[in-house]
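Keep the model open while reading.

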Amino acid sequence: MKALALAIVVLVGGLLISATVDFPDWGDPASPAALHVSPRYIEKSMEETSVPNIVTSVLADYRGFDTMFETTVVFTAGVACFLLLRRREPRPGPSRVYRHRASGVIVEMSQAPDTEPAPEVFKRIDDDWTPHDLIVMNVCRLLIPFIQLFGLYVIAHGHHSPGGGFQGGVILGASVILLALSWDLRTASLRMKEVATGLMSAIGVFIYAGVGALALAMGGNFLDYAALAPILRVDPVAARSLGIFFVEVGVGLAVMATMVLIYKNLASEGRLDQGL
Amino acid sequence: MIWQIDLAVLILVLICAVGALAVKDLMGAAILFGAYSFLMCILWAVMGAVDVAFTEASVGAGVSTVFFVAAVFRTSRRSKD
């Protein structure tokens with residue numbers, strides 16, 4: 001059976017590799033893909049949308065409908081993870097583990113205490129695996145604001161440089177995940193609650209679709225940002241540039257919240273009490 | 001494109017891809033997959049597709065590796081086959 005599988009793999013792989021010989025050269029301007037709509041995007045995108053980064057203008061304006069449903073796919077993935085993994089019942093064995101802050105001694109209680117010990121004396125830690133590394137915790141605490149600032153920059157500067165809502169949203173989500181990894185899941189959950197992640201991922205998609213519907217209500221086509229010019233009090237070209245920014249903010253919100261939602265459910269087996 | 005660098009990165013991509021499939025330890029496979037994503041990111045950047053390279057670096061090498069590691073921590077670390 002293995003020999004048969006290997007033979008099929010070698011045969012199909014050989015066919016694919018022999019087919020790549022017929023590919024157009026890398027960067028060939030006469031290749032079929034570069035002849036259809038690409039020249040129009042390259043020549044007209046600056047004068048139609050005033051966005052120097054053509055990738056962003058194609059992604060969020062010319063092909064805005066595609067990107068809206070990509071955002072919906074991310075949102076759906078988050079909802080699917082939530083529905084599959086989220087569990088309401090507590091962990092079996094209600095033992096609690098605490099670390100005495102001053103001495104570093106770890107205390108395990110066989111059942112959860114009626115009143116939580118004072119948090120400035122005893123810090124609650126996870127049952128299974130909790131490294132206590134002062135350097136990692138403090139370096140991450142110092143870095144996270146800068147990572148989040150960079151994420152915002154990537155979202156807002158997507159018109160002029162590589163980046164945009166997806167990348168910026170992932171960076172913002174990764175900063176919260178880094179907090180959960182270097183401190184613990186409860187600290188990250190204090191900063192970004194479960195309700196917040198769910199609401200923000202839905203609001204992100206809503207912003208995107210809402211901008212499109214607003215354009216529809218203003219008499220343009222769906223996602224035709226030029227129709228928003230009377231509201232924004234700018235000319236239609238600048239309105240398209242601004243419209244791209246609004247939908248990128250929506251994409252960034254949805255992606256950030258979904259990444260945090262998926263991570264929390266994965267790392268804590270859906271209980272959101274403790275994790276990596 | 002400098003073809004020597006290209007060739008070296010492509011060979012490393014192949015090694016990472018085969019390694020991620022062959023390794024029994026799923027944690028190792030997750031890390032190899034992250035390395036694979038990062039090398040692909042270098043290739044995209046060399047080819048001038050900087051937006052794709054950015055996405056590959058943040059999603060492929062960053063967050064999805066974390067998701068894989070979290071999933072391995074909560075399931076089993078050894079591959080059955």
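Two strands pair if DSSP finds at least two bridges between them. By that rule, Arg99(A) stands opposite Lys123(A) in β3(A). The model is predicted.

- An open sheet of 3 strands runs in the order β2-β1-β3 in chain A. Its pairing is antiparallel.
- β2 and β3 (122-125) of chain A are the edge strands. Each of them pairs on one side only.
- Neighbouring strands of this sheet are turned against each other by 35 degrees on average, direction ignored.
- Strand β1 (residues 96-100) of chain A pairs with strand β2 (residues 106-109) of chain A over 4 bridges, in the antiparallel sense.
- Across that pairing, Tyr98(A) stands opposite Val107(A) in β2(A).
- β1(A) and β2(A) form a hairpin with 5 residues between the strands. Within this hairpin, Gly104(A) takes a positive phi near 80 degrees.
- β1(A) also pairs with β3(A), again antiparallel and over 4 bridges.

**Helices α7 and α11 within chain A**

- The axes of α7(A) and α11(A) come within 7 Å and cross at roughly 30 degrees.
- Angles under 35 degrees count as roughly parallel, so α7(A) is roughly parallel to α11(A).
- This crossing of α7(A) and α11(A) is right-handed.
- On the α7(A) side, the contact residues include Gly165(A), Phe166(A), Gly168(A), Gly169(A) and Leu172(A). On the α11(A) side, they include Glu248(A), Val249(A), Gly252(A), Met256(A) and Tyr263(A).
- The residues of this contact of α7(A) with α11(A) divide into 16 nonpolar, 5 polar and 1 charged.

**Where chain A meets chain B**

- Chain A gives 17 residues to the contact, and chain B gives 14 residues.
- On the side of chain A that touches chain B, α7 (165-182) and α11 each supply at least two residues.
- The largest share of that side, 7 residues, comes from α7(A).
- By class, the side of chain A that touches chain B has 13 nonpolar, 3 polar and 1 charged residues.

**A helix pair across the two chains**

- Helix α11 (residues 236-267) of chain A and helix α3 (residues 50-74) of chain B have axes that come within 8 Å. These axes cross at roughly 20 degrees.
- That angle makes α11(A) roughly parallel to α3(B).
- α11(A) passes α3(B) in a left-handed crossing.
- From α11(A), the contact is made by Met259(A), Ile262(A), Tyr263(A), Leu266(A) and Ala267(A).
- From α3(B), it is made by Val63(B), Val66(B), Phe67(B), Ala70(B), Ala71(B) and Arg74(B).
- The residues of this contact of α11(A) with α3(B) divide into 10 nonpolar, no polar and 1 charged.

Notes. Residues numbered from 1 in each chain as written. Chains lettered and ligands numbered in written order. Predicted model: local features only at pLDDT ≥ 70, side-chain atom pairs only at ≥ 80, totals over all residues. Axes fitted to C-alpha atoms, helices over the stretch in contact; angles between N-to-C directions. Parallel < 35°, antiparallel > 145°, perpendicular 65-115°, else oblique. Left-handed = near helix turned anticlockwise from the far one by under 90°. Contact = placed C-beta atoms within 7 Å. Nonpolar A, V, L, I, M, F, W, Y, C, P; charged D, E, K, R; others polar.
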